[in-house]
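Welcome! Have a look at the model below, and then we will walk through its inside and its surface together.

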Amino acid sequence: MSNWARKYQGLYADGKEKIASLLEYTPPVPEVLTEEFRGGGMDMAISMDMGMAPMEASFSIGEDPDILALFGIKKDGKKVPFFIRSHLENDVTGAKKTVIEELRGLVSKIDHGTKSGGTFTGTTATIKPSYYKYEVDGTIIHEFDPINMIRTINGVDQLAEARASLGK
C-alpha cells in the first residue's frame, strides 16, 4: 500500500528560491507516441514506439517580477532552469523521501488570471521543457533529454543502443 503524501514543495526558478511563493505545480506528463503496425501474418495490430510527445508543465505563483521576466527568453543560449523540490511522507510507516524535479525550457505563456482589488490571484507560468528529470532520494526515475537522445526510465537509458548506432 502506498500512502505517500506531498507535504511540502518549493520552486527554484533560474537559480532564485521561490519556496514560499509556489501555489500549485503541474508536472510534465510523459507520453510515448505510437503508430499501429499489422503485418500480413499478424492477427492484430501492435503499437510501435515512435518517440515521445512534447512535454508541458506549469506552476502558479503570486505575481512575481522574477518569474515574469523569464517569459520567452533563453539564458546564455540555454533554456531556463527550474527545480521543484518536494518532501514526501508516508502516513503508515512514517518514512520520508525527497523528490527533485529538474526542468529546463522555455516559459511560453504567462496567465495573470482575473485581477480585482482586495483579492489575491496567482499567476500561472507554462513551460515547454526540453529537459526533464524526476529523482527520488538520489535515484533517477525519469530523465528525458531529447537533444542528447536520452530517455532514462528507472535508471535504464532506453536510447543508449540507438545513440551508439548513430555514433553519438
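A residue counts as buried when its relative accessible area is under 20%, as exposed when that value is over 50%, and as partly exposed in between. Keep in mind that this is a predicted model.

**The nonpolar core**

- The largest nonpolar core is made of 23 residues.
- Leu11, Phe59, Ile67 and Phe82 are the residues with the most contacts inside this core.
- Two or more core residues come from each of these strands: β1 (4–13), β3 (22–26), β6 (57–61), β7 (80–90), β8 (96–111) and β9 (123–136).
- Which element gives the most to this core? That is β9, with five residues.

**A closer look at Phe59**

- You can find Phe59 in strand β6.
- Is Phe59 buried or exposed? Phe59 has a relative accessible area of 2%, so it is buried, given that the cut-off for buried is under 20%.
- Setting aside neighbours within four places in sequence, Phe59 is in contact with Leu11, Leu22, Glu24, Tyr25, Ile67, Phe82, Thr123, Thr124, Ala125 and Ile127.
- Among these partners are Leu11, Ile67 and Phe82, which are also listed with Phe59 as having the most contacts inside the core.

**The nonpolar patch on the surface**

- Which residues form the nonpolar patch? They are Leu33, Phe37, Met44, Ile46, Met48 and Met50, and together they have about 550 Å² of accessible area.
- The elements that supply two or more residues to the patch are β4 (32–37) and β5 (46–52).
- With three residues, β5 gives the most to the patch.
- Phe37, a member of the patch, sits in strand β4.
- Phe37 has a relative accessible area of 39%, so it is partly exposed, because that value falls between the cut-offs of 20% and 50%.

**Gly51 and its contacts**

- Gly51 belongs to strand β5.
- Which residues does Gly51 touch, not counting those up to four places away in sequence? The contacts are Glu31, Val32, Leu33 and Arg151.
- Gly51 and Leu33 are 18 residues apart in sequence, while the distance from C-alpha to C-alpha is 5.5 Å.

Technical notes. Residues numbered from 1 in each chain as written. Predicted model: local features only at pLDDT ≥ 70, side-chain atom pairs only at ≥ 80, totals over all residues. Heavy atoms only, no water. Core = buried A, V, L, I, M, F, W, Y, C linked by side-chain atoms within 4.5 Å. Buried < 20%, exposed > 50% of the residue type's maximum accessible area, 1.4 Å probe, protein only. Helix = DSSP H or I, 4+ residues; strand = E, 2+ residues; numbered from the N terminus. Contact = heavy atoms within 4.5 Å. Patch = residues over 30% accessible without salt bridge, like charges linked within 9 Å, V, L, I, M, F, W, Y side chains within 5 Å. Areas by Shrake-Rupley, 256 points an atom, 1.4 Å probe, with all protein chains shown as cover. Salt bridge = Lys/Arg side-chain N within 4 Å of Asp/Glu carboxyl O.
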